[in-house]
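This briefing describes a structure shown below. Please look at it first, then read the points by topic.

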Amino acid sequence: MTAIAETIRLPSRLTAANSRNLLHKCKGCLRKGDLCLDGTMLAQMDYSGDAFFSLLADLSEKTGHKLTLAHFCDDIKTHLKNLKRQKVPAREKTKRHFLEILGEKGIRAAKGTAEVFVLLNMSIYWSLLGPFDKGKIKFRGTAKQIFALGSEAMGICFLMVALICFTMALQSSFMLKAVGGGSYLASGLGFLIFAEIGPLLTTIILAGRSGSSIAAEIANMSVCEEVKAIKTMAIPPVQYLVVPRFIAMSICTPILSFCASICGCFAGFLIAFFFFDITFTNYFNSIREGIEPILFLKSSIKALVFGWLVTLISCNKGLNATGGAEAVGLATTSSVVTSISAIIVADTCFGFIFY
Amino acid sequence: MEVQSKNTILRVEHLKAGYGGRTILNDISFDVKKGEIRMILGSSGCGKSTLLNNILKLIKAQSGTITYFGKTFGAKEGLDSETRMRTGVLFQNGALLSDLTVAENAMLPLIRSMPYMPQSQMEAIVADRLEKVHLLDAFHKYPSELSGGMKKRAALARAIALKPELLFCDEPSTGLDPVTARSLDELLLELRDTLGVSMVIVSHELESIKIICDRFVYLQEGYVLMDGTLQQGLDSENPTLWNFFRRECPPEKDNNEYYHFDFLD
């Protein structure tokens with residue numbers, strides 16, 4: 001028994017706004033049986049009309065149910081007779097094995113690490129050789145970078161370290177008060193600030209502030225072919241782009257870390273003064289007793305290495321950026337994440353070596 | 001082995017290159033003679049810029065050799081400083097360093113090649129080059145203060161700072177209005193005539209090609225379709241070249257399938 005064709009009357013204008021519900025209704029009918037579209041009133045259709053009729057024609061072929069167009073005007077009839085069958089290309093599905101993805105990520109990480117070491121090697125070479133290289137480009141390179149990467153980051157570094165040290169001192173004060181160990185606050189805090197908080201926090205802030213700026217600037221230069229232009233002028237990009245930033249960060253990071261640690265000590269003093277009535281002289285004498293002079297050297301070395309990590313990772317991410325604006329964003333994000341991870345890994349290693 | 005003419009300053013032989021595992025250029029060979037303007041032509045995406053980057057050794061080729069001024073470089077070799085200083089490059093968007101002024105940008109190759117030269121002498125040379133490209137007024141300006149055409153002229157001044165023997169230009173007139181594009185073309189001709197510089201120009205601007213081209217290489221799907229003079233290209237009956245030089249679209253093949261509807265009156 002053949003099903004009786006259902007008839008749906010089309011409106012005078014078939015538009016994107018009304019075709020959605022209509023298509024849904026027509027598809028429902030066509031799935032059940034034959035369909036007749038009555039186009040007596042249909043006089044106009046917009047850009048969505050072609051897709052409407054082709055989808056119904058496709059469904060008709062798929063289900064085997066007949067689609068009839070009745071009483072259509074000549075213009076639309078002619079138009080539909082020339083309606084091309086559009087094939088939407090299928091998306092290529094490349095299913096990759098978990099191990100393959102893991103291996104690729106591992107190779108990429110190893111390659112990135114090797115590149116950072118090569119960059120370190122070249123930076124040290126050019127930093128030492130730079131003063132003797134007469135062809136060095138001198139346009140305010142290092143001084144400008146010291147100002148941009150170091151001086152301008154001063155405020156945020158000092159403030160953040162001071163606030164965290166203040167909170168730390170406050171938290172530990174409750175515990176020390178309970179056990180009557182208020183006098184140990186200064187020495188304990190001083191050691192912790194110079195050994196850990198100062199270098200670690202300063203460089204993490206620098207990774208977010210200065211590292212991202214390095215990566216974005218160099219990535220933008222890579223994308224805009226400026227790095228290529230530098231290469232074609234026989235100027236090593238490392239000498240022009242990396243070395244000024246490397247020297248600037250080598251100078252700035254230990255100084256910033258030391259000054260930020262002092263700020264942290266002052267923040268701790270506020271707690272010592274208000275909670276334990278420790279005077280300024282006693283507080284700093286106590287800090288002096290808790291810290292050996294070698295700690296300053298260790299702290300500076302840590303800060304220097306962390307600073308190098310931030311600079312070299314950011315420069316490497318920037319130099320490897322390819323594509324458009326998206327590549328700049330990716331390089332920036334990646335540089336911050338990688339720098340912070342590398343700093344924390346390096347800090348753990350220093351923990352075993354130094355203390 | 002083919003004897004290389006003394007007049008040949010650049011020779012590309014059997015160059016095969018691509019990105020990752022994908023080959024984009026296959027067996028590309030051509031040469032550039034002294035004082036000639038050699039153009040690399042082809043439709044978008046045919047590998048013109050890839051070829052230029054390979055010739056400049058900005059990316060490593062898979063195989064083939066490139067000979068600059070009689071010195072041959074293998075596929076994996078980079079160019080030495082001496083060769084780089086004998087060439088100049090004008091990039092598509094100028095690629096001026098944004099933190100340097102126009103003069104400082106043009107001074108970069110001079111500092112690299114002649115480190116002992118006094119600043120005043122460098123400034124005089126740069127002023128001369130900027131005057132050649134009619135941009136002396138922009139001496140102290142930053143790239144952000146220049147228009148698109150001015151940026152290209154400033155980049156050209158930087159490219160010719162060392163009076164190179166070979167100048168590479170990547171789509172010099174693309175994105176410029178017809179008048180500025182025409183003046184840039186005339187500037188390139190003037191530089192060829194006054195400085196005797198040979199040029200390799202990547203372009204698909206027909207107007208420019210007709211004005212400045214001496215010989216061309218036409219790339220199609222990674223291969224050299226034709227290597228010849230402009231006149232040979234214009235006379236060619238090859239359908240691709242015919243369409244390219246006459247700006248005609250190839251007739252569309254009707255391979256389309258049409259829907260069949262049942263109409264009821």
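Ala17(B) stands opposite Leu25(B) in strand E2 of chain B. The model is predicted: local features need pLDDT of at least 70 and side-chain atom pairs count only at pLDDT 80 or more, while totals for chains, interfaces and linings use all residues. Residues are numbered from 1 along each chain as its sequence is written, and chains are lettered from A and ligands numbered from 1 in the order in which they are written. Helices (H or I, at least four residues) and strands (E, at least two) are DSSP runs, numbered from the N terminus.

**The sheet of four strands**

- In chain B, 4 strands form an open sheet in the order E2-E1-E4-E5, with antiparallel pairing; two strands pair if DSSP finds at least two bridges between them.
- Strand E2 (22-33) and strand E5 (71-73) of chain B each have a single partner strand, so one side of each has no neighbour in the sheet.
- From one strand to the next, the twist averages 20 degrees.
- Strand E1 (residues 8-19) of chain B is joined to E2(B) over 8 bridges, in the antiparallel sense.
- Helix H1 (residues 48-55) of chain B lies across E1, E2 and strand E4 (63-68) of chain B, at about 65 degrees to E2(B). Axes are lines fitted to C-alpha atoms, for helices over the stretch in contact, and angles run from 0 to 180 degrees between N-to-C directions.

**The sheet of six strands**

- Another open sheet in chain B has 6 strands in the order E6-E7-E8-E3-E9-E10, and its pairing is mixed.
- Strand E6 (87-90) and strand E10 (223-229) of chain B stand at its edges, each with a single partner strand, so one side of each is left without a neighbour in the sheet.
- E6(B) and strand E7 (residues 166-170) of chain B pair in the parallel sense over 4 bridges, and Val89(B) stands opposite Phe168(B) in E7(B).
- Helix H5 (residues 148-159) of chain B lies across E6 and E7 of chain B, at about 170 degrees to E6(B).

**Contacts of one residue**

- Leaving aside neighbours within four places in sequence, Ile40(B) is in contact (C-beta atoms, placed from the backbone, within 7 Å) with residues including Lys48(B), Leu51(B) and Val200(B).

**Domains of chain A**

- Chain A is divided into domain 1 (6-81) and domain 2 (102-354), with bounds from an automatic or database domain assignment.
- The centres of domain 1 and domain 2 of chain A, taken over C-alpha atoms, are separated by 66 Å.

Note on methods
Contact = placed C-beta atoms within 7 Å.
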